[in-house]
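These are my comments on the model, as numbered points. Please read them with the coordinates open.

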Amino acid sequence: AGNESRSAREVRTLLLVKADELQIPLKSDQIKIQGTGQTLKVALQYDASIDIPIFRQGFYSKHYIHNVPYRQPR
């Protein structure tokens, strides 16, 4: 997205689609996007339940925070 100078809206949509594919419970308001192109920075936060098969209900919840700056492709 940084190389293609995509808009914040496009980056947000791409992240939501990928999160859905990976079954990550991510909502639009949990994504923060700053800059464009080579100054692009994306930060997201979400909680995910960790299910243990022995228990009938969710046992643990994990809070994830990701901060990812633009990286030059190899």
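Leaving aside its neighbours within four places in sequence, which residues is Tyr 46 in contact with?

1. Tyr 46 is in contact (heavy atoms within 4.5 Å) with Ile 24, Pro 25, Leu 26, Gln 30, Lys 62, His 63, Tyr 64 and His 66, its neighbours within four places in sequence being left aside. Note that this is a predicted model, in which local features need pLDDT of at least 70, side-chain atom pairs count only at pLDDT 80 or more, and totals for chains, interfaces and linings use all residues. Residues are numbered from 1 along each chain as its sequence is written, and side-chain values use heavy atoms, with hydrogens and water left out.

2. Ile 24 sits in the loop between helix 1 and strand 1 (31–34); helices (H or I, at least four residues) and strands (E, at least two) are DSSP runs, numbered from the N terminus. With the same exclusion of neighbours within four places, Ile 24 is in contact with Ala 19 and Tyr 46. The C-alpha atoms of Ile 24 and Tyr 46 are 8.2 Å apart, at a distance of 22 residues along the chain. Ile 24 counts as partly exposed because its relative accessibility is 25%, the classes being buried under 20% relative accessible area, exposed over 50% and partly exposed in between (1.4 Å probe, protein chains only).

3. The largest nonpolar core has 10 residues, among them Ala 19, Leu 26 and Tyr 46. Such a core is a set of buried Ala, Val, Leu, Ile, Met, Phe, Trp, Tyr and Cys residues joined through side-chain atoms within 4.5 Å. Helix 1, strand 1 and strand 2 each give two or more residues to this core, and strand 2 has the largest share, three residues.

4. Helix 1 has 14 residues and spans 20 Å from its first C-alpha to its last, close to the 20 Å expected (1.5 Å times one less than its number of residues).

5. Gln 23 follows helix 1 with a positive phi near 60°, and it is not a glycine. Gln 23 is exposed, because its relative accessible area is 72%. Ser 5, also not a glycine, has a positive phi of about 50° and lies in the segment before helix 1. Ser 5 is exposed, since its relative accessible area is 53%.
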